[in-house]
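Dear colleague,

I am passing on a structure that you have not worked with before, and I would be glad if you could look it over alongside the notes in this email.

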Amino acid sequence: MTTDNVEAAAGAEGVREPDPSDSLRTFGAVVQALREHAGLSRVEFGEIVRFSKHTVESVELGRRMPDASFVERAEEALGNTGALRHSARFLTRGESGLAAWFRQWARLEKVAVSLCTYECRLVPGLLQSEGYARALFENRIPLLTDDQLEAQVAARLERQKMLYERQTVPFHFIVEESVFRRRLGGVEVQRGQLDHLLELTAPRNVTLQIMPTDAEFHSCMDGPLRLLETPQGRRLAYSEGQENGRLIADSKDVSLLYQRYDTLRSQALNPQDSRGLLERLRGEL
């Protein structure tokens with residue numbers, strides 16, 4: 001997706017990213033255009049390719065991955081140009097391992113010129129060690145299959161590459177102290193996570209501040225928060241809860257959330273003291 005398309009997608013506040021991938025939607029649109037050019041209804045085309053009208057519709061709308069027999073029969077029925085066979089080689093499903101409601105924000109992250117995150121529940125995904133991520137997904141209800149779990153972990157680690165690859169983009173995190181004291185997955189996982197944090201926050205573009213549990217003031221008591229700025233200078237926010245997420249594009253709402261986050265930065269430990277706290281927590285294990 002281009003930067004312009006991502007920017008346009010951000011304008012629809014609260015709209016969830018659909019499951020179909022861009023390649024599935026494009027392939028489906030081509031099938032539909034060729035079918036209509038041939039003067040065939042979905043029922044007529046379905047009879048030719050020996051699939052139901054509903055299957056044809058699902059493929060054309062990008063909701064279903066076409067199997068090899070569908071592609072081959074559709075190719076023969078619609079001119080045998082080779083276009084469908086060739087494009088089918090590049091079909092991919094939606095981003096594996098990413099929740100449907102998070103995909104739009106994940107795409108925005110990839111082009112953002114700055115990213116800010118406040119988290120009070122768990123270590124932010126971009127900062128999670130593999131062991132921590134695995135423990136997190138092993139605790140997911142309902143339980144994940146082994147394949148699902150591996151896909152989740154792989155997607156989490158793949159997303160983290162931006163910390164290394166985008167060295168001129170500032171990544172700022174504020175995380176509650178209690179998050180780092182929670183022994184999710186056991187002592188070894190906690191120790192590995194603290195080591196991972198100390199390594200990740202060494203580069204100049206990655207900053208971590210810890211909100212101490214004994215702080216008397218707190219400007220973000222309403223929950224987790226993510227903020228970013230697009231290459232066009234537009235500021236957006238994202239809020240996530242149980243099985244849902246919401247992209248916030250209204251300028252007044254986003255401005256308020258930036259004010260809360262900026263205030264929280266002054267209330268949290270500075271980066272140097274935060275790193276010192278991580279080292280002390282590591283030494284206690």
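Below is what was found, going from the whole chain to a few single residues.

Please keep in mind that this is a predicted model, and that the values below were computed from it. The protein chain has 285 residues, of which 45% count as buried, and its secondary structure comes to 14 helices and six strands. The accessible surface of the protein chain is about 14800 Å², with 49% of that area belonging to carbon and sulfur atoms. When contacts in the protein chain between residues at least 6 apart in sequence are considered, 73% of them join residues that are at least 24 apart.

Turning to the cysteines, a search of the whole structure found zero disulfides. Cysteine 120, accordingly, is in no disulfide, and the nearest cysteine sulfur, which belongs to cysteine 220, is 9.1 Å away. Cysteine 120 counts as partly exposed because its relative accessible area is 27%, which lies between the limits of 20% and 50%. Cysteine 116, by contrast, counts as buried, because its relative accessible area is 12%, and the limit for buried is under 20%.

Leaving aside residues up to four places away in sequence, serine 58 touches Arg63 and Arg64.

With kind regards

Key:
Residues numbered from 1 in each chain as written. Predicted model: local features only at pLDDT ≥ 70, side-chain atom pairs only at ≥ 80, totals over all residues. Heavy atoms only, no water. Disulfide = S-S within 2.5 Å. Buried < 20%, exposed > 50% of the residue type's maximum accessible area, 1.4 Å probe, protein only. Helix = DSSP H or I, 4+ residues; strand = E, 2+ residues; numbered from the N terminus. Contact = heavy atoms within 4.5 Å. Areas by Shrake-Rupley, 256 points an atom, 1.4 Å probe, with all protein chains shown as cover.
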